[in-house]
Structures are given as C-alpha cells and as structure tokens.
Amino acid sequence: MAVDARAKALKAAGKPVIGFGAGEPDFPTPDYIVEAAVGACRDPRWHRYTPAGGLPALKEAVAAKTLRDSGFEVAASQVLITNGGKQAVYEAFAALLDPGDEVLVIAPYWTTYPEAIRLAGGSPVVVMTDESSGYLADVAALEAARTERTKVLLFVSPSNPTGAVYSPEQVAEIGRWAVEHELWVVTDEIYEHLVYGDASFTSIVTAVPELADRCVVVNGVAKTYAMTGWRVGWLIGPQDVVKAATNLQSHATSNVANVSQVAALAAVTGDLSAVAAMREVYERRRSTIVRMLRDIPGVECPEPLGAFYAYPSVKGVLGREIRGRRPATSAELCELVLEEAEVAMVPGEAFGTQGYVRMSYALGDDDLVEGVTRLHKLVAEAR
Ligand SMILES: Cc1ncc(COP(=O)(O)O)c(C=O)c1O
C-alpha cells in the first residue's frame, strides 16, 4: 500500500508512472452488484444497526456458496461477516492464540499475517521457500519448524505474493500432517476463483474433512468480484471460535456496513460469469508478463498459477551498476526503478524475502507491456 501511495502521488504530480504495486483488480465491480447496493441505499431498513455478526441472509448465502465452491458444508451460525478478509485474519488469530503460541507462516507471505499474529500475542515462525520449489513448502519443511508451542498452520493457496497454487495431493498431505499433530489450520481462500492453466483450487478442509473442527476459513468478495473498496469478508469455523470472534467484532466495529453486505449478497448468490470473464483477462496478462519478465537478463520468474501476481527473483541484477548506482537489495532496486523508469513494484522485503519483487498484473494490457519494457531497458544497462 505504501508503494502504491507513492506511485499514485507521483502520478498526481504529472509523472507517467506505471503501477504494478496494487493488490487489487483494475475492473469496476460488476453492475448487478452495484445495482443491489444502490437499492439498499434507498431502503431505510439498511440505515440502522444490524446484527454484529452479519446479515442472516448473507451468512446463509456464504454457507451455500462455500458448499457450491469448496464442497464444504457449514451452518450459517458458523459464518461471521467481517470488514474484509483482513479483519477475518485478525479475528481468527485473536480467537485462537494464547500468548507464546506459534503459528507457521510460509514465506513469501502476505505482509499482514505476522502483524496479525503478533497483535494476538502469538509468534510467527517463518518457513522459507524460494523459486526452486515454485514457492511451495512441503511437509518436511513444516515438520522441521514445528515445536511444542506450534498451534496453527497458516495456509494460503493461491498465494499472495507468489501466485503459487498447491496441487490437490500436496494440499491433502499438508492437511493430514496438521491433523496428525493436532494443529489448527487457518486457510485463506480469498483467491479461490483465480487459478490458471491446469491448476485447480483445493480447499484444505474438503481435502481432509477431519480438519473441520480445527479449521478457520478466511474469504471475501474483494478479489473475486473486484470489490476491494466495499470491505466485506468472512470467516468460517467451529461454533466456539465464531462466537468468540463475533463477540470481539461486536465491541470493535459492530456490523459491516449494510449497503456493502447487500452488495456482497448479490455477489455470492449470483453466478460466476463476471468472475470467469475477469479471470480470462488475468490469464492473458499473466502469459504476457511471465514471457516478458523471463526475457530480462538477471530476472527469473517461476510461473504463477493463481491470484494476479508475478514474483520474480531479481537476485541476478543486484550488486551491479545501473545509472551510477549499485542497488544491493530488492528494496533499493525498486526505489531506483521507480525513480529512473517510473515503474512501481513492491520489494520482496515486504513479504519476508529479500531479492524478489512482486508485480501485480491487474492493470491494463498496454500499461503492462509498457511498464515491463521500461523495466527491461533499465535493467539491461546493468554493468
Ligand atoms: C492473501 C490475502 N488475504 C486476505 C486479503 C484481504 O483482503 P480484503 O481485506 O480486502 O478482503 C488480501 C488482500 O490483499 C490478501 O492478499
């Protein structure tokens, strides 16, 4: 968000900045969702407080959608509607963790996870991965990081920032390992519909049903329906976890804005045709960005199978001279690229790994080509 804000400020000052920083779709929210919200604005019912845990109709719809998309059967009482997936992440850890509990977090990780874990009194324990495995962790790596204090595995597939997607077999293996060691799993499924090529989304709790009473699912409408600004997400879990998280939310923020909840209801009860159309565009842009990045000397880009990010290694560029400077870290390289090529990327440091950059391909096709071309030209000057 900091990189995105700087890029937007430069743009506002008249610089032709191309931003690969933002973690959000560039599409407007589909019309039928917006129309539902407009109708809700005019209905005085939605001008008042509603139950802190979410509109009953939306909770029912989220339960039905979860069965439709994941094959996971839950009651509406196991659903809590939150202010975005982000609040669901915070509340899941607040409900689950006691001081000193450890949470396994696979790196590169979404920036918020370690902060949410620490805020709840827990300790994130990082399990490192790199491009050689396509940023996937295996059970051996997880087992090596497990201690007596390990309480939760945080699982996310498709992943932000890497776009990595675990195969159904890998998901099942990790789920069985979690069951064997009586760990909780918090599974972030916010990119479930954005998978490409032969990859498919597998919900860990469907792959390993024995996890159901130790699993919290985090999800939301932000990425799937181009609704990042509406702030609607949810968590699904065992009744006691949902009750505790609902109590917390009741005192922290009360109900999510009703107009947004009505919009989310239209989204999750509608069909997936608008989602399929956006997915197709991302898939085309994904091919373009991966092909172009792989042509840049010193850049290595594993194929992202989901979400809308590429996560290339730039280690081959670091330490070399470009326009009188010698960037030693991915953070320094991103600064140089923003200043010299007017291209914004997020340095890997934000995701717990140095030597990488995250580039969102949720931007227009022409900008995408122009931005990567500028990056290529600048990096080609490296001596
Ligand atoms: C992996 C992941 N989970 C959850 C979220 C939260 O999304 P929101 O709070 O907008 O619903 C994001 C947003 O960037 C994300 O990348």
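Which helix and which strands do the buried residues of helix 5 pack against?

Author: The model is a predicted one, in which local features need pLDDT of at least 70 and side-chain atom pairs count only at pLDDT 80 or more, while totals for chains, interfaces and linings use all residues. Residues are numbered from 1 along each chain as its sequence is written, and side-chain values use heavy atoms, with hydrogens and water left out.

The buried residues of helix 5 pack against helix 4 (84–96) and against strands 3, 4, 5 and 6. Those buried residues are T112, Y113, P114, A116 and I117; here buried means under 20% relative accessible area, exposed over 50% and partly exposed in between, with a 1.4 Å probe and protein chains only. Helices (H or I, at least four residues) and strands (E, at least two) are DSSP runs numbered from the N terminus. After helix 5 comes G121, whose phi is positive, near 90°.

Seven strands make up an open sheet of mixed pairing, in the order 2-8-7-6-5-3-4; two strands pair if DSSP finds at least two bridges between them. Strand 2 (79–82) and strand 4 (123–128) are at the edges with a single partner strand each, so one side of each has no neighbour in the sheet. On average, neighbouring strands are turned by 20° against each other, direction ignored. Helix 5 (residues 112–119) packs on this sheet, where it touches strand 3 (102–107), strand 4, strand 5 (150–156) and strand 6, and its direction makes about 150° with that of strand 4. Such angles run from 0 to 180 degrees between N-to-C directions, with axes being lines fitted to C-alpha atoms, for helices over the stretch in contact. A contact means heavy atoms within 4.5 Å.

Strand 3 is mostly covered, with six of its six residues buried. Strand 3 runs parallel to strand 4, and six bridges join the two. Within this pairing, V105 has V126 of strand 4 as its bridge partner. Strand 6 (residues 184–188) is likewise in a parallel arrangement, joined to strand 7 (residues 215–220) by four bridges. There, V185 stands opposite C215 of strand 7.

Another helix, helix 3 (residues 56–70), contains S70. This serine is buried, its relative accessible area being 10%. Leaving aside residues up to four places away in sequence, S70 touches K65, E189, E192, F201, S203 and T206.

Elsewhere there is a further sheet, open and of three strands, in the order 9-12-11 with antiparallel pairing. Its edges are strand 9 (309–310) and strand 11 (346–347), each with a single partner strand, so one side of each is without a neighbour in the sheet. Two bridges join strand 11 to strand 12 (residues 357–360) in the antiparallel sense, and P347 stands opposite V357 in strand 12.

Helices 12 and 13 also meet. The axes of helix 12 and helix 13 (residues 365–379) come within 10 Å and cross at roughly 105°. The two helices are therefore roughly perpendicular to each other, a term for angles of 65 to 115 degrees, whereas under 35 counts as roughly parallel, over 145 as roughly antiparallel and the rest as oblique. At this meeting, L336, V337, E340 and A341 of helix 12 contact R374, L375 and L378 of helix 13. E342 lies in the loop between helix 12 (330–341) and strand 10 (343–344). Residues up to four places away in sequence aside, E342 touches K15, P16, V17, I18, V337 and R374. Between E342 and G19 there are 323 residues in sequence but 8.5 Å in space, C-alpha to C-alpha.

Finally, the chain as a whole. It holds 13 helices and 12 strands. Its radius of gyration, taken over C-alpha atoms, is 21 Å, close to the 21 Å given for 383 residues by the globule rule, so the chain is as compact as a globular protein of that length; the rule is 2.2 Å times the number of residues to the power 0.38. Of the 383 residues in the chain, 57% are buried.
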